[in-house]
Amino acid sequence: MTESRPPAASGRRIVETFARCGIDSITTVPDFVQLSVHAHLDRDPQRFMVTYCANENQAVHVAMGQYIGGRNPAVLMQNQGLHNCVNSLRACGLDAGMPLLFVIGQFGREFANVGRDARKSGRRIVSLLEPVLDALGVPSWKVECDDDVPAIEVAWRSAVQRMQPSAVIIGNYTLWD
């Protein structure tokens with residue numbers, strides 16, 4: 001018996017979208033959901049400066065410094081990391097008015113929940129992500145398959161226009177291509 005894998009977004013397409021947006025640096029605590037994205041970023045050090053951080057708070061603060069220094073950063077992390085760095089997001093993104101793009105993998109999401117409302121996941125780390133972002137006033141877009149990848153550009157433009165953080169939620173393990 002074979003189990004079909006739910007649809008997912010291509011790591012290559014996500015990285016190509018970062019490049020089209022002008023994103024030139026990534027701060028991250030590696031995300032298991034986005035491993036193929038990390039692999040593509042690491043293959044292109046001329047285009048992307050990737051900074052691996054000890055924790056998500058450090059990733060947010062380093063991204064803020066990179067933005068002040070003239071770069072266009074994105075912060076990649078898991079849902080657990082977003083919960084860990086809420087105060088840094090508040091201070092560096094919301095209060096300081098930095099257009100940081102958070103790209104957050106839904107680690108621990110059940111395959112049966114992919115394509116459905118993540119708020120109905122049986123795992124709190126998954127179900128609480130969108131309500132936490134909503135409570136913070138951080139708009140979010142979902143990317144669960146290749147058709148959703150253009151949402152990254154929309155989220156990036158929103159962050160830059162508002163001078164506030166935006167979030168992209170990667171709902172399923174990215175594809176290796």
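## Terms and basis

Buried means under 20% relative accessible area, exposed over 50%, and partly exposed in between, with a 1.4 Å probe and protein chains only. Helices (H or I, at least four residues) and strands (E, at least two) are DSSP runs numbered from the N terminus.

This is a predicted model, in which local features need pLDDT of at least 70 and side-chain atom pairs count only at pLDDT 80 or more, while totals for chains, interfaces and linings use all residues. Residues are numbered from 1 along each chain as its sequence is written, and side-chain values use heavy atoms, with hydrogens and water left out.

## Strand 4

Because five of the five residues of strand 4 (residues 101-105) are buried, the strand is largely enclosed by the rest of the structure. Side chains in a regular strand alternate between the two faces of the sheet. Here Leu101, Val103 and Gly105 point one way, Phe102 and Ile104 point the other way, and all are buried.

## Neighbours of strand 4

Two strands pair if DSSP finds at least two bridges between them. Strand 3 (residues 73-78) pairs with strand 4 in the parallel sense over five bridges, and Val75 stands opposite Phe102. Strand 6 (residues 166-170) also runs parallel to strand 4, joined by five bridges. In strand 6, Ser166 stands opposite Leu101, and Ile169 is the bridge partner of Ile104.

Six strands form an open sheet in the order 2-1-3-4-6-5, with parallel pairing. Strand 2 (49-52) and strand 5 (140-143) stand at the edges with a single partner strand each, so one side of each is left without a neighbour in the sheet.
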